[in-house]
Amino acid sequence: MPTELLGLLEECLDRGSRELGLNLGREKFAAFRDYYEILVEENKKFNLTSITGEKEVAVKHFLDSLTCLRLLDQGGAFVIDLGTGAGFPGVPVKICRPEMDLLLVDSAKKKVQFVSDLIERLGLERAEARWDRAETMGSSSEYREKADIVVSRAVAPMNVLAELCLPLVVPGGVFLAMKGPGSAEEFDSAGRAIELLGGRVERAERMRLPIIPEERILYLIRKISPTPAGYPRRPGIPAKRPIV
Ligand code: SAH
């Protein structure tokens, strides 16, 4: 597609995805364009995001979500996006890796309604939205230690997030936390929680977003032993009384 025919969203995706070392095809651009239009349209009803410009959505939602592909190369895995909000990072990742089984979870009903509608309108297969809390799922036989990958962006501080996410990960699988540049201190104080819940930090990768000068840190945590009984604690307790 000649560059002059691309909209701003597509131009940013084209340039930014190449900076991330990803090769997005033209049909992927179309899916992101549809996602953008649906997001902006539904935002009026649901108040999903304060970011609505084409460049901003391309960089801060779509490309930011795709940064996690640098650390995740497994195809066909069962992936949970915990606290997905308007679909981030799960839906952009699914557009680029259609072979995965994706479960998008949020405790806010209206967000789950939006994501469910989005999945249908984008025609995504093997993707499902679920209205639930991480604590409930992590204690249920259906979901406890079932996911190969749990990914989460902007949901809770690291020690809280570890209790929400690690119980869902199968031993041998990974939990990927997507954080901003100020997360180093928060991360340092989460060491005990991560270890207690069966995790071990494998990588912490600092990276710059494409196009705009903002930093992110991706933490890849391997589940090396089962989460002990008693975790996660009851809904709300992980945030109210974080493991320190
Ligand atoms: N990941 C999205 C949304 C971040 S906002 C993004 O990066 O844009 C955090 C989301 O996590 C909210 O939608 C909130 O409803 C959800 N959330 C917070 N605690 C949760 C829990 N315990 N279980 C499930 N979802 C939770």
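This briefing covers the ligand site and some backbone features of the structure above. The model is predicted: local features need pLDDT of at least 70, side-chain atom pairs count only at pLDDT 80 or more, and totals for chains, interfaces and linings use all residues. Residues are numbered from 1 along each chain as its sequence is written, and side-chain values use heavy atoms, with hydrogens and water left out.

**Ligand site**

- The ligand sits in the largest pocket. A pocket is an open set of points on a 1 Å grid over the protein atoms alone, where a 1.4 Å probe fits, with protein on both sides within 12 Å along at least five of seven lines. Sitting in it requires more than half of the molecule's atoms to lie within 2 Å of its grid points.
- The ligand is surrounded by 16 residues, counted when one of their heavy atoms lies within 4 Å of it. The closest are G83, F88, D106, E135 and R153.
- This shell divides into six nonpolar, six charged and four polar residues. Asp, Glu, Lys and Arg count as charged; Ala, Val, Leu, Ile, Met, Phe, Trp, Tyr, Cys and Pro count as nonpolar; the others, Gly among them, count as polar.

- A polar contact here is a pair of N or O atoms within 3.5 Å.
- D106 places a polar side-chain atom 2.6 Å from a ligand oxygen atom.
- E135 has a polar side-chain atom 3.0 Å from a nitrogen atom of the ligand.
- A134 uses a polar backbone atom, 3.0 Å from a ligand nitrogen atom.
- Taken alone, the ligand exposes 580 Å², and the protein buries 80% of that. Areas come from the Shrake-Rupley method with a 1.4 Å probe.

**Cis peptide bonds**

- Most peptide bonds are trans.
- F88 and P89 are joined by a cis bond, with omega about 5°. P89 is in the loop between β1 (78–82) and α4 (90–96). Helices (H or I, at least four residues) and strands (E, at least two) are DSSP runs, numbered from the N terminus.
- The bond from Y231 to P232 is also cis, with omega near 0°. P232 is in the loop between β7 (215–223) and α10 (237–240).

**Positive phi**

- Most residues other than glycine have a negative phi.
- E145 has a positive phi of about 55°. E145 lies in the loop between α6 (134–138) and β4 (147–153). E145 is buried (under 20% relative accessible area), at 19%.
- I211 has a positive phi of about 70°. I211 lies in the loop between β6 (199–208) and β7. At 17% relative accessibility, I211 counts as buried.

Key:
A polar contact is a pair of N or O atoms within 3.5 Å; within protein, one must be able to donate a hydrogen and the other to accept it, and residues adjacent in sequence count only if both atoms are side-chain atoms. On a 1 Å grid over the protein atoms alone, a cavity is a set of points where a 1.4 Å probe fits but cannot get out, and a pocket is an open set with protein on both sides within 12 Å along at least five of seven lines; lining residues have an atom within 4 Å of a point. Buried means under 20% relative accessible area, exposed over 50%, partly exposed in between (1.4 Å probe, protein chains only).
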